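Here are some notes for a first look at this structure. Please read them with the model open beside you.

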Amino acid sequence: MKTGLIGNEISEQIFNEFDLSCKRINSYIKSLDFNGIYIDFPNENNCERIDVPSENSKRSNVVDTIIFKNELSYGFNSDYDAFMYCINRHAIDLKDKKVLIIGNNWISKSILPALEDLNVKEIYIVDQNPDADSISYTECYARHLDSQIVIHTGLTGMNPDIDSIPIDIHLFLKCELLIDYVYDPLISKIAQDALQSGIQTITGIELKIAKIKFATEKIKGASIQEKLFQSVLDTYYINQLNIVLIGMPSAGKTTIGKLLETKLHKSFIDMDEIIVQDTHTSIPEIFKRSGEAGFRKLETMTALKLSVLNQKIIGTGGGTIKNKINIDLLKLNGVVIFIDRDLDKLVTYDPNRPLSSSQEAVKKLYEERFPIYQKYADITVKNNDKIEDTVEKIICELNRIVKNKKSV
Ligand SMILES: Nc1ncnc2c1ncn2[C@@H]1O[C@H](COP(=O)(O)OP(=O)(O)OP(=O)(O)O)[C@@H](O)[C@H]1O
Ligand SMILES: O=C(O)C1=C[C@@H](O)[C@@H](O)[C@H](O)C1
Ligand SMILES: [Mg+2]
């Protein structure tokens with residue numbers, strides 16, 4: 001066979017329209033010399049294609065991991081295992097809880113048996129297109145705002161549709177736990193909202209890595225211990241994470257950002273520089289032509305553009321914190337560090353820093369902004385001594401944040 005198809009019947013029909021006959025690849029795959037396949041986005045109801053489905057994949061009718069032995073295919077559901085694993089490693093008790101699942105798809109189907117096994121009290125699935133198994137958003141808002149556990153399984157909120165999450169978690173006043181399957185961005189909008197409200201949150205990247213752990217175990221026939229799992233999770237998280245530097249004009253963001261580049265193996269981007277590049281206009285000129293309001297719009301568009309990147313150190317403008325949306329965007333993939341330099345050390349006049357026009361102007365800005373910088377900071381570091389010491393403090397704090405992540 002020269003051409004095979006992994007996909008659905010619609011693709012097959014369309015390929016056939018173009019006179020490219022595609023054989024389903026299943027039988028071909030069975031004849032190849034490899035142990036197994038992991039399917040990231042499996043079809044629902046795909047068990048019947050497998051010779052020997054596991055009990056849990058039969059219960060959900062979803063297979064995402066297939067191994068081949070003696071001409072037979074064996075199917076497993078690693079979403080079930082990953083869900084159970086994450087619930088256990090956070091020592092969460094779901095017994096007698098009311099659960100709301102957002103999205104009727106292969107993930108909801110896979111975790112339903114797990115929720116049954118954990119003896120939850122009630123389960124409702126809410127979906128934009130409700131069917132016999134799911135309810136509408138109207139019904140959800142009318143009757144189920146008292147759900148204690150919310151599980152967001154939808155593909156909504158994934159990059160690039162970062163703002164498309166269909167519910168507001170703040171309305172669920174009894175919510176104790178959010179389980180969010182979004183893994184790109186690292187902390188989705190719904191996860192950010194939940195964390196800000198003090199709701200315990202399991203994020204998608206942990207569930208995703210757990211799923212791959214179980215698939216790998218099946219395919220390799222070996223066991224991956226908790227220690228290795230935690231180290232893969234930490235390494236992935238720290239590698240992908242952006243470091244977002246906030247602070248007053250001349251606090252040291254650019255200098256520190258550049259020093260961090262080699263230490264963290266991430267490249268530095270300066271938001272102001274991106275604005276200048278994109279508009280071919282200097283910042284004082286933008287202020288002159290469009291005022292501060294015009295500049296702030298460009299700044300938010302730049303925050304949106306940078307929010308979906310990974311592995312960057314982002315130096316913000318001194319006033320990026322003036323619009324909360326900018327910080328919400330930058331926190332999707334980033335940890336926010338406040339570079340706190342004392343007022344008497346800041347530059348008080350610089351024609352390239354339009355808001356640093358005099359000692360009084362800088363003092364006024366400092367007093368207005370200091371509490372806002374503090375409020376948005378995940379980490380605050382003083383930058384009054386040697387700048388290299390500030391860099392070391394940042395690295396220590398980042399390590400601490402990653403170590404504590406298990407309790408997110
Ligand atoms: N700890 C420090 N010790 C000595 N000089 C410092 C220290 N921190 C910053 N500086 C100096 O302060 C000046 C401003 O730093 P930098 O340009 O990095 O600030 P910034 O926060 O990026 O400013 P802006 O918001 O205007 O872009 C630079 O000359 C830098 O060398
Ligand atoms: O503090 C501010 O509001 C500003 C700081 C600079 O980085 C530039 O973003 C711009 O000059 C505005
Ligand atoms: Mg700078």
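1. Start with ligand 2. In this predicted model, the residues around ligand 2 are Pro249, Asp272, Ile283, Gly317, Gly318, Gly319, Arg353, Pro354 and Leu355. By class, four residues of this shell are nonpolar, three are polar and two are charged.

2. Now turn to ligand 1. There are 14 residues around ligand 1, and the nearest are Pro249, Gly252, Lys253, Thr254 and Thr255. Its shell holds nine polar, three nonpolar and two charged residues. Pro249 is also listed around ligand 2.

3. Which helices each supply at least two residues of the shell around ligand 1? They are helix H10 (253–264) and helix H15 (387–403). H10 gives the most, with three residues.

4. Check the record next. An unreviewed UniProt entry lists Ser250, Ala251, Gly252, Lys253, Thr254, Thr255 and Arg353 under "binding site". Among them, Gly252, Lys253, Thr254 and Thr255 also belong to the residues that come nearest to ligand 1.

5. Look at Ser250. It sits in the loop between strand S12 (242–246) and H10. Is Ser250 buried or partly exposed? Ser250 is partly exposed, because 18 other C-beta atoms lie within 10 Å. Leaving aside residues up to four places away in sequence, Ser250 touches Leu346, Val347, Arg353 and Ser356.

6. Compare Arg353. Its place is the loop between strand S15 (334–340) and helix H14 (359–376). Arg353 is buried, because 20 other C-beta atoms lie within 10 Å, and a residue counts as buried at 20 or more. With residues up to four places away in sequence not counted, Arg353 touches Pro249, Ser250 and Val347. Val347 is likewise among the contacts of Ser250.

7. Move on to a sheet. Five strands form an open sheet with parallel pairing, in the order S8-S7-S9-S10-S11. Strand S8 (122–126) and strand S11 (200–202) stand at the edges; each has a single partner strand, so one side of each has no neighbour in the sheet. On average, neighbouring strands of this sheet are turned by 15° against each other, direction ignored.

8. Zoom in on one pair. Strand S7 (residues 98–102) and strand S9 (residues 149–152) pair in the parallel sense over four bridges. Leu100 has Val150 as its bridge partner in S9.

9. Finish with a helix on these strands. Helix H5 (residues 106–117) lies across S7, S8 and S9. H5 runs at about 170° to S8.

Methods:
Residues are numbered from 1 along each chain as its sequence is written. Chains are lettered from A and ligands numbered from 1 in the order in which they are written. This is a predicted model: local features need pLDDT of at least 70, side-chain atom pairs count only at pLDDT 80 or more; totals for chains, interfaces and linings use all residues. A residue is near a molecule or strand if its C-beta atom, placed from the backbone, lies within 6 Å of it. Ala, Val, Leu, Ile, Met, Phe, Trp, Tyr, Cys and Pro count as nonpolar, Asp, Glu, Lys and Arg as charged, and the others, Gly among them, as polar. UniProt positions are given in the numbering used here, feature names are shortened, and annotations may be inferred rather than shown by experiment. A residue is buried if 20 or more other C-beta atoms lie within 10 Å of its own, exposed if 12 or fewer, and partly exposed in between; C-beta atoms are placed from the backbone. Two residues are in contact if their C-beta atoms, placed from the backbone, lie within 7 Å. Two strands pair if DSSP finds at least two bridges between them. Axes are lines fitted to C-alpha atoms, for helices over the stretch in contact, and angles run from 0 to 180 degrees between N-to-C directions.
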